[in-house]
Amino acid sequence: MVKTGIGFDVHKLVEKRKLILGGVEIEYEKGLIGHSDADVICHAIADALLGAAGMGDIGMMFPDSDPELEGISSLRILSEINGRLSQRKYKIVNIDVTLIAQAPRIAPYVERMKINIAKVLGIGPAFINIKGKTTEGLGFIGQKEGIAALALATVTKDGL
Ligand SMILES: [Zn+2]
């Protein structure tokens, strides 16, 4: 059985915050704000995986109201989700991500992101793809007010 899931996330760019994407700290004048480290790539992947497994969404599993989650690395969230998928006998096949940001350019960081994510998901980096896209200056992303990410996850499970 093969199942797919889609994930989407967006966070606001503000001053005096680190920019963390795919578990990598990226040099930029602003960072994303959120309850955790606001890593949109990890959050979109989390929702894609939960969607594929039919397990709801990241907000249900890791509520904003939980003080324990304040400032945590989103790689930890992915690791936790991977554990829950394994318990239900799901195997991750591949992940594809599109990061939608006007700036900064992420190409120099993509390999490190893939290694980070692959490690917590227990798959090879070759099964993760991350690409960047701008909005040609249009809208809130184009105005550098925020960054969004889309992810697609494929999982398999033996039998039903
Ligand atoms: Zn998020």
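Strands β1 (2–14) and β4 (31–33) run antiparallel and are joined by 3 bridges. Strands here are DSSP runs of E with at least two residues, helices are runs of H or I with at least four, and both are numbered from the N terminus; two strands count as paired if DSSP finds at least two bridges between them. Within β4, G31 stands opposite V14. The model is predicted, and local features therefore require pLDDT of at least 70 and side-chain atom pairs pLDDT 80 or more, whereas totals for chains, interfaces and linings use all residues. Residues are numbered from 1 along each chain as its sequence is written, and side-chain values use heavy atoms, with hydrogens and water left out.

An open sheet of 5 strands has the order β4-β1-β7-β5-β6, with mixed pairing. At its edges are β4 and β6, each of which pairs on one side only. On average, neighbouring strands of the sheet are turned by 30° against each other, direction ignored. Axes are lines fitted to C-alpha atoms, for helices over the stretch in contact, and angles run from 0 to 180 degrees between N-to-C directions.

Helix α4 (residues 110–121) lies across β5 (91–100) and β6, and runs at about 140° to β6. Helix α4 also packs with α3 (residues 74–87), at an angle of about 35° and with the axes 8 Å apart. The contact (heavy atoms within 4.5 Å) involves L75, L78, S79 and N82 of α3 together with N116, I117, V120 and L121 of α4. Of these contact residues, 5 are nonpolar, 3 polar and none charged. In this classification Ala, Val, Leu, Ile, Met, Phe, Trp, Tyr, Cys and Pro are nonpolar, Asp, Glu, Lys and Arg are charged, and the others, Gly among them, are polar.

Pockets were located on a 1 Å grid over the protein atoms alone, as open sets of points where a 1.4 Å probe fits, with protein on both sides within 12 Å along at least five of seven lines; lining residues have an atom within 4 Å of a point. Grid points are joined across faces, edges and corners, and a volume is the space filled by probe spheres set on the points.

The largest pocket holds about 250 Å³ of space. Its lining comprises 17 residues, with S36, H43, I58, F62 and D64 nearest the centre. By class, 8 of the lining residues are nonpolar, 6 polar and 3 charged. The second largest pocket holds about 170 Å³, and R105, I106, A107, G132 and K133 are the closest to its centre among 14 lining residues. Strand β6 (residues 128–133) contributes the largest share of this lining, 4 residues.
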